[in-house]
Amino acid sequence: MRILTRLAFVSSAAAIILAATMAAAQTPANVDWTSYAADDAGSRFKPLDQINASNFSNLEVAWRYKTDHNGNHPEYKLEGTPLEVGGVLYATAGTRRGVIALDAVTGELLWVHGEKEGARGAAAPRQLSGRGLSYWTDGKGDERILYVTPGYQLICLDAKTGVRIPTFGNKGAVDLKADDDQKIFPDLTTGEIGLHAAPTVAGDELLVGSAFREGFTPSSHNNNKGSARAYDIRTGKKLWEFHTIPQKGEPGYETWFDDSAQNTGNTGVWAQITADTDAGLAYLPVEAPTSDFFGGMRKGNNLYSGSLVAVDLKTGKMKWFFQFIHHDIWDYDMSSAPLLMDITVNGKPVKAVAEPSKMGYLYVFDRITGKPVWPIPEKKVEIGKVPGEWYAPTQPIPSKPAAYARTGVGTDDLIDFTPEMHQKALELVKKYKLGPIYTPPVLSNANGPLATLTVGVANGGTNWPGGSFNPENHTVYVFACNACLSPTALTPPPPGMTDLPLVEGMAGQKITMVNAAGAGDGADAQPAKKAPPVAPAAGGGGGYNALTVDGLPLLKPPYSTISAINLDTGNIEWTVPHGATPDYIRNNPALKGVNIANTGGVSATGVANFSIGTLVTKSLVIAGDGDTTTAPGRPRGAMLRAYDQKTGKEVGSVLMPAAQSGSPMTYMVNGKQYIVVAVSGGNYSGEYICYALPDNG
């Protein structure tokens with residue numbers, strides 16, 4: 001017996017050593033992260049496993065880069081995800097959206113590039129450092145970095161030097177305002193249009209979208225219009241432009257009643273674009289039109305707002321589309337990069353595209369034909385009573401996968417730590433309208449209803465960081481804000497504010513034109529320098545109201561979650577709270593003696609940080625906290641956490657000095673794996689932090 005046991009042990013040990021040797025042999029010494037979401041498919045995945053469950057908590061800071069001097073003042077909202085190619089890390093940084101190149105191993109600054117845009121930059125609707133940039137090479141030595149400035153210029157740089165490529169556009173730049181099919185109103189300097197997303201490289205084409213100002217209420221319903229465009233990556237020549245609001249004679253124009261397509265704006269493509277170069281298709285996630293909560297000036301279903309549109313990469317012609325929200329009056333937009341996956345459903349291979357959403361649903365289609373993988377039937381929804389509004393009688397609701405986030409607000413969603421708290425919550429909501437997803441906004445009345453209580457609108461379930469997926473196990477991993485409570489209501493605007501008859505706001509509240517930090521899809525206004533950002537009250541463009549019970553969020557936990565959704569089956573494999581129970585909840589006197597399980601992160605105003613991106617490696621899902629907390633045995637800060645992909649169990653964490661504000665990425669140089677994440681917020685200015693294992697493992 002002893003001999004057999006020893007032989008078994010030796011055999012087992014040999015097998016482990018052999019497996020480890022084979023794994024090491026299969027992992028190249030250098031693994032790059034060449035685009036914003038790792039690849040054109042949007043996966044945020046690298047099959048690296050040097051950093052794993054057994055050692056994640058041993059991570060140490062390899063280097064750090066503060067962005068304070070990349071601009072005219074420090075930035076407190078750094079949302080970038082860097083690229084890494086050939087041992088060089090490239091990132092956007094600072095209030096002027098400069099570009100930096102760092103040694104990916106040491107963090108040494110190699111070069112920096114910046115554009116001073118003067119009045120045009122100051123008037124930009126999408127300011128600060130943005131979310132990233134793009135890399136392209138012809139494979140023969142021509143390497144380029146491309147990005148969009150706050151003033152909406154497309155800049156092409158030599159990746160080796162940071163100097164403009166003179167043969168691209170006009171001395172290395174394309175003026176995206178001047179090159180638009182429409183005449184930008186009122187002029188190229190102050191005209192409202194921009195972009196904070198990274199351009200998408202698709203072969204030798206570069207795809208760029210469009211975005212507008214935050215704050216819910218434009219000064220006119222006839223704002224500038226959004227679009228998506230393709231450019232020749234060598235010359236900067238425009239190849240095509242897709243009109244997200246169809247022009248007269250184009251398909252979809254008839255869905256804007258009374259020719260309202262001609263005097264409606266926005267409907268941009270501000271989320272990341274993905275592309276399947278083999279299929280020759282680009283996938284455009286399209287936002288809502290003007291205005292976010294009142295659509296009386298644009299009656300009809302309003303194509304292609306709230307849609308995923310697949311267009312031909314060479315011509316920009318629409319191949320198929322699916323409209324997620326007919327006549328959007330909730331500011332749902334389409335906030336996330338489409339995920340391009342090859343899956344197997346009922347034994348048959350499917351080239352799929354999956355779209356995470358603010359609604360908390362993952363919509364899954366055949367990405368070649370546009371046919372839903374599982375039925376998405378139209379279901380009747382409530383018709384509202386706001387004067388002058390037009391209502392879609394049905395909305396498409398996926399039969400599978402099930403919702404991975406809270407989709408509406410009912411009495412069962414209210415705080416229930418104790419029966420007394422639940423009763424207080426019931427009293428608090430008596431003047432509000434409750435209901436399932438697509439319950440329409442109300443005309444606010446001081447005697448009730450004040451507003452419709454909704455979740456997801458403007459700010460969650462999944463927002464601009466989008467999801468990630470492992471192409472090896474066909475599983476999507478998505479963060480969701482499960483507590484993003486938004487009272488939505490309409491009220492007449494103050495004189496001179498806008499030509500819209502009704503704006504978002506509640507009776508008795510002062511309505512002002514605001515570009516609110518944290519509003520909508522992640523506004524570019526900076527959080528306060530000396531204190532954590534406080535979400536403004538509903539009305540005036542903020543969209544949030546601090547509805548609390550004993551200082552606690554009105555909705556019950558979990559507040560922030562990460563879910564794993566298997567797309568071979570359409571089943572949610574697991575959902576876990578993400579982040580730590582905040583100090584103000586853990587230490588609340590009203591909860592003394594009450595056993596509170598981990599709630600997940602949520603701010604003091606009851607709004608979870610909705611800007612959390614996930615990174616997927618061979619076996620881990622990695623994401624940082626959206627808030628700072630205290631805990632025994634460590635300084636105050638936020639944790640970068642690792643979860644087991646199969647079970648959702650947290651298997652390791654490492655301290656960050658501030659909350660995650662940009663999605664993490666990973667790469668390997670000379671056989672060593674690194675993880676980089678952007679942190680900022682409150683009184684902590686933007687910083688890229690690189691983690692790696694100590695040399696002794």
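I looked up Phe 322 and Phe 324 in this predicted model and found that both are buried. I then checked how their rings meet: the centres are 5.5 Å apart and the planes stand at 65°, so I noted the pair as edge-to-face. Both residues also belong to a cluster linked by ring pairs, together with Tyr 283, Trp 320, Tyr 361, Tyr 363 and Phe 365. My count of aromatic pairs for the structure is 16.

Next I took Tyr 667 and Tyr 674. Their ring centres lie 5.4 Å apart with the planes at 20°, so this pair went down as stacked. Tyr 667 has 0% relative accessibility and therefore counts as buried. Tyr 674, at 5%, counts as buried because the cut-off is under 20%.

I also looked for charges over rings. The charged end of Lys 66 sits over the ring of Tyr 684, 3.9 Å from the ring centre. Arg 131 lies over the face of Trp 464, at 4.0 Å from the centre of that ring.

Last, I went through the cavities. I found nine of 30 Å³ or more.

Of its 12 lining residues, Gly 579, Gly 601, Asp 625, Gly 626 and Asp 627 are closest to the centre. I sorted that lining into three nonpolar, seven polar and two charged residues.

Definitions and conventions. Residues numbered from 1 in each chain as written. Predicted model: local features only at pLDDT ≥ 70, side-chain atom pairs only at ≥ 80, totals over all residues. Heavy atoms only, no water. Phe/Tyr/Trp six-rings, centres within 6.5 Å; stacked < 30°, edge-to-face > 60°. Buried < 20%, exposed > 50% of the residue type's maximum accessible area, 1.4 Å probe, protein only. Lys NZ or Arg CZ within 6 Å of the ring centre and 35° of its normal. 1 Å grid on protein atoms, 1.4 Å probe; cavity = no way out; pocket = protein on both sides within 12 Å on 5 of 7 lines; lining within 4 Å. Points joined across faces, edges and corners; volume = space filled by probe spheres on them. Nonpolar A, V, L, I, M, F, W, Y, C, P; charged D, E, K, R; others polar.
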